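Please walk me through this structure, one local feature at a time. I would like to know what to look for and where to find it.

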Amino acid sequence: MDSERYNAREVEPKWQRIWEDRQIFRTGNDESRPKYYVLEMFPYPSGRIHMGHVRNYTMGDVIARYKRARGFDVLHPMGWDAFGMPAENAAWHNKSHPADWTYANIASMRTQLKAMGLSLDWSREIATCDPGYYKHQQRLFLDFLKAGLVVRKKSKVNWDPLDHTVLANEQVIDGRGWRSGALVEQRELTQWFFKITDFAEDLLRSLDDMPRWPEKVRLMQANWIGRSEGLSLRFELEPAPQTTAREIEVYTTRPDTLFGAKFLAIAADHPLAGEIARKDPELAAFIAECHHGGTSAEAIETAEKKGYDTGLKARHPFDPDWHLPVYVANFVLMDYGTGAIFGCPAHDQRDLDFANAYGLGNTPVVCPPGEDPSTFTIETIAYEGDGMLIHSHFLDGMTMKDAKEEAAKRLESKLLGNRPQGRREVRYRLRDWGISRQRYWGCPIPVIHCAVCGAVPVPASDLPVELPRDMSFDEPGNPLDRHPTWKHVACPACGAPALRETDTMDTFVDSSWYFVRFTDPWNTAAPTTPSVVEKWLPVDQYIGGIEHAILHLLYARFFTRAMQATGHVGVLKEPFAGLFTQGMVVHETYRAKDGAWLYPAEVRFDYEFHGSLGPSRRAFRIDSGEEVAIGAIEKMSKSKKNTVDPDDIISAYGADTARWFVLSDSPPERDVIWTEDGVQGAAKFVQRLWRLMGELAGLAAPVGTPFPGDMSAEAAAIRRAVHMSLIKVEEDIARLRFNRAVAQIHDLANKLSAAIGAIESENIGADIRATFREAADIMVLMVAPMMPHLAEECWAALGHADLAAGAEWPIAERALVVEDTIAYPVQVNGRKRADLVVARDAGNAAIEAAALALEPVRRALDGKPVKKIIIVPQRIVNVVA
RNA sequence: GCGGACGUGGCGAAACUGGUAGACGCAAGGGACUUAAAAUCCCUCGGCCUUUGGUCAUACGGGUUCGACUCCCGUCGUCCGCACCA
């Protein structure tokens with residue numbers, strides 16, 4: 001028998017070359033087969049792929065190859081998210097140019113990806129740093145500008161003092177820059193914004209219509225958009241010397257609690273606070289103090305509620321003689337609502353904390369169910385739930401909902417200064433997307449600033465505004481701004497000397513439309529070809545990390561809408577019909593006595609036994625023998641040295657082994673633990689499958705042999721197992737449950753090995769030979785999406801002249817898996833006691849009689865009378881005694 | 001604080017719509033082959049007991065049901081997101 005080992009190192013490049021020569025993964029734009037667009041989030045070209053990429057791209061590739069086999073016209077492209085700060089940092093450290101650094105990284109990562117055997121259409125490759133790409137992005141910017149979707153406004157921005165750049169709110173995590181980790185400062189700058197808030201309602205509402213997105217992601221986006229329905233309400237101020245202002249506008253979602261109001265509070269940044277502070281140094285000092293408060297989670301958590309009494313008095317809207325004090329308070333935010341609130345201590349914890357600190361008291365106006373309104377009081381814990389209105393005049397006895405409605409209605413029809421005093425309003429937490437970045441390595445914003453004409457768009461014919469090549473990166477700040485000539489241009493409108501915008505776009509802009517560009521990357525005249533976009537979008541299956549649940553995915557959803565509004569996309573709205581967020585690749589950490597982290601390759605393991613406690617595992621340094629602490633299993637990171645380089649795995653075991661392993665152990669949405677044992681297990685299975693297919697090739701009938709008329713029971717049983725596996729693997733791949741598909745294939749391999757073992761005679765029947773032919777072919781085609789190289793090699797060994805990658809998916813014969821007997825587990829009082837095999841068409845009476853006749857059932861019944869017998873067809877029999 | 005997810009052998013896990021808990025794999029132990037090793041093949045592998053059987057067991061405590069890993073209530077723990085959003 002052929003005992004040759006499968007040599008992935010030789011075989012894999014061979015098939016990769018053949019695939020490439022025959023261009024079988026090229027996708028045209030004018031086929032009529034049903035389309036399927038698979039996309040994995042494109043990588044940042046850091047220089048090396050990591051295991052996370054391997055997992056991500058393998059999953060997408062399995063789907064792409066499977067869908068191709070099922071007759072779909074599959075689009076599966078790849079590109080590079082190539083702008084961003086690491087290139088500039090590298091330029092600064094190594095004196096290399098960001099473009100050179102980036103393109104060199106792309107070249108080496110492309111080689112690595114190709115070694116994985118991914119079925120990608122490389123003819124559509126794009127890099128966002130390529131002028132041929134960002135030219136179109138600038139065009140989109142200008143079209144958005146014309147459509148009113150871009151605005152320039154002065155605003156307070158999050159300034160990252162380490163990266164010298166502006167960050168979007170989404171990029172500030174716990175008060176720190178998402179990349180640098182530096183404490184973010186507030187600065188006032190004039191910035192370009194995309195008006196994502198114009199689409200807030202639609203972005204929120206459409207989430208309900210995205211069944212193939214994880215619930216978790218939709219929820220995160222909904223929370224982020226943060227819709228609230230409330231009332232804008234103006235309080236009249238008593239005349240006072242501090243200010244000429246006659247009113248304060250607050251925003252509230254709880255107009256039902258107006259009769260519980262004890263104070264008004266405005267933000268430290270509120271214009272009125274600023275006005276009063278000019279004449280009131282004590283208030284000025286208080287405002288300054290508010291600004292110094294940290295924005296970190298801990299700082300907010302522990303921050304005391306503090307306020308400053310302005311001395312102003314506001315009139316209660318339902319009782320002009322009722323005056324409320326007006327405070328400046330540290331817990332009121334200027335950038336939400338109107339920057340002012342009314343405080344109802346009994347029903348808002350923050351207000352209660354504040355009221356208790358300043359002795360303002362509280363009046364409960366909502367009585368929880370089951371409480372006695374006459375005795376219900378609030379001390380230190382506010383009641384924020386539903387209930388019945390009390391102490392509230394005309395609202396008394398109403399539910400919260402009715403009271404909100406009634407209060408809103410009255411305030412809408414009540415006039416203050418010729419305008420309704422209250423106005424219903426929907427507010428969002430979502431802010432406009434600030435895209436200006438003070439960096440070199442990004443897409444230039446195509447605008448020229450003219451002293452006379454203002455901000456003038458660069459004419460479309462002048463695009464792209466290209467980044468200058470001759471740069472220096474030895475100082476902090478924006479290199480483009482320091483360039484001696486680049487920014488000096490003539491105003492396109494009046495011809496006078498003018499200055500280019502030197503800010504570049506947030507790199508999230510680049511990734512907000514790349515999936516659209518992939519549909520027709522050859523169009524040099526326009527960003528998209530709408531008819532082609534129509535054909536391919538939406539992406540049928542998008543796969544990437546959960547870390548992009550909010551930022552990237554929300555921006556891309558916005559962009560699709562904005563592109564639709566500007567005619568670059570047709571009727572489509574949602575870019576990603578199906579979203580899958582895969583888990584991370586994690587690994588144990590190892591730490592020496594001196595605290596140094598060690599690579600997995602520097603450690604060996606021993607097992608010790610402690611009786612029933614099970615084995616314990618210890619780790620030792622290979623070089624010194626010193627014992628090493630086995631640490632937590634964590635996301636692979638260079639700093640903790642718990643990384644495994646895909647290149648090493650591929651050269652040691654082959655791409656198929658790596659692919660098989662990342663698919664096999666854990667459900668794809670969960671983290672997978674990378675272990676050396678696991679990889680070896682995968683490698684062993686590669687060899688085992690190769691041997692098994694070799695054995696079957698020797699026993700199987702030639703390709704194309706029909707089944708004989710007479711099939712033995714053995715042959716029928718094998719066919720049943722094969723087709724059962726096929727059905728399950730189809731279901732599992734369709735639902736992205738790759739770990740189950742892997743288990744199923746293992747199982748079938750076990751069964752086929754057993755079948756071969758059971759057949760020892762020299763003269764194997766024609767039925768068995770034909771069955772083995774079918775079994776081997778189906779097995780190989782099922783494995784092909786996951787281990788494509790091994791599949792090709794087996795396919796050829798099995799006598800096929802064509803490519804497995806081009807073969808059609810086998811047709812599962814469902815009739816085969818139906819058995820003519822059914823094995824029922826028989827329970828007595830819900831506890832399994834016996835098995836019962838009956839004919840498929842046996843009636844209930846026959847099943848009951850047979851079940852009661854079983855010896856273990858009689859024993860379990862122990863003479864007790866049977867109350868009833870439950871028979872669930874095809875499932876179970878339960879005898880209730 | 002608010003919202004969400006999760007909790008099953010030594011480990012990763014599986015279990016369909018409420019129907020045989022632990023498929024499949026890893027690790028481990030025993031055996032075969034071998035001068036030896038690797039590779040390969042076979043057997044065992046949740047706990048306990050009086051072991052052709054019984055009993056307990058899906059974080060813990062209750063409930064619904066003929067039947068619960070699955071549904072409901074409560075407790076504990078872990079992880080994730082948001083966070084003074086009025």
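What follows is a short tour of a predicted model.

Start with a pair of packed helices. Two packed helices are described by the angle between their axes and the distance between the axes. Here the pair is helix 7, residues 215-225, and helix 17, residues 551-565. Their axes lie 10 Å apart and meet at an angle of about 75°. Helix 7 is therefore roughly perpendicular to helix 17, because angles of 65 to 115 degrees count as such. Which residues make the contact? Helix 7 supplies Val217, Gln221, Trp224 and Ile225. Helix 17 supplies Leu553, Leu554 and Arg557. Sorted by class, this contact has five nonpolar residues, one polar and one charged.

Next, go to Met693. This residue sits in helix 20, which spans residues 676-699. Is Met693 buried or exposed? Its relative accessible area is 3%. Buried means under 20%, so Met693 is buried. Its contacts, leaving out residues up to four places away in sequence, are Ala776, Met779, Val780, Cys794 and Leu798. Glu793 gives another view of the fold around this position. Met693 and Glu793 are 100 residues apart in sequence, yet their C-alpha atoms are 9.9 Å apart in space.

Now turn to the backbone. Most residues other than glycine have a negative phi, and most peptide bonds are trans.

One runs from Leu463 to Pro464, with omega near 0°. Pro464 belongs to the loop that links strand 24 (454-457) and helix 13 (479-482). The bond from Leu537 to Pro538 is also cis, again with omega near 0°. Pro538 is in the loop between helix 16 (530-536) and strand 28 (541-545).

The other two are positive phi values. His391 is not a glycine, yet its phi is near 50°. Look for His391 in the loop between strand 17 (388-389) and helix 12 (400-413). Its relative accessibility is 44%, so His391 counts as partly exposed. Gln874 is not a glycine either, and its phi is positive at about 70°. With a relative accessible area of 47%, Gln874 is partly exposed.

Conventions
Residues numbered from 1 in each chain as written. Chains lettered and ligands numbered in written order. Predicted model: local features only at pLDDT ≥ 70, side-chain atom pairs only at ≥ 80, totals over all residues. Heavy atoms only, no water. Helix = DSSP H or I, 4+ residues; strand = E, 2+ residues; numbered from the N terminus. Buried < 20%, exposed > 50% of the residue type's maximum accessible area, 1.4 Å probe, protein only. Contact = heavy atoms within 4.5 Å. Axes fitted to C-alpha atoms, helices over the stretch in contact; angles between N-to-C directions. Parallel < 35°, antiparallel > 145°, perpendicular 65-115°, else oblique. Nonpolar A, V, L, I, M, F, W, Y, C, P; charged D, E, K, R; others polar.
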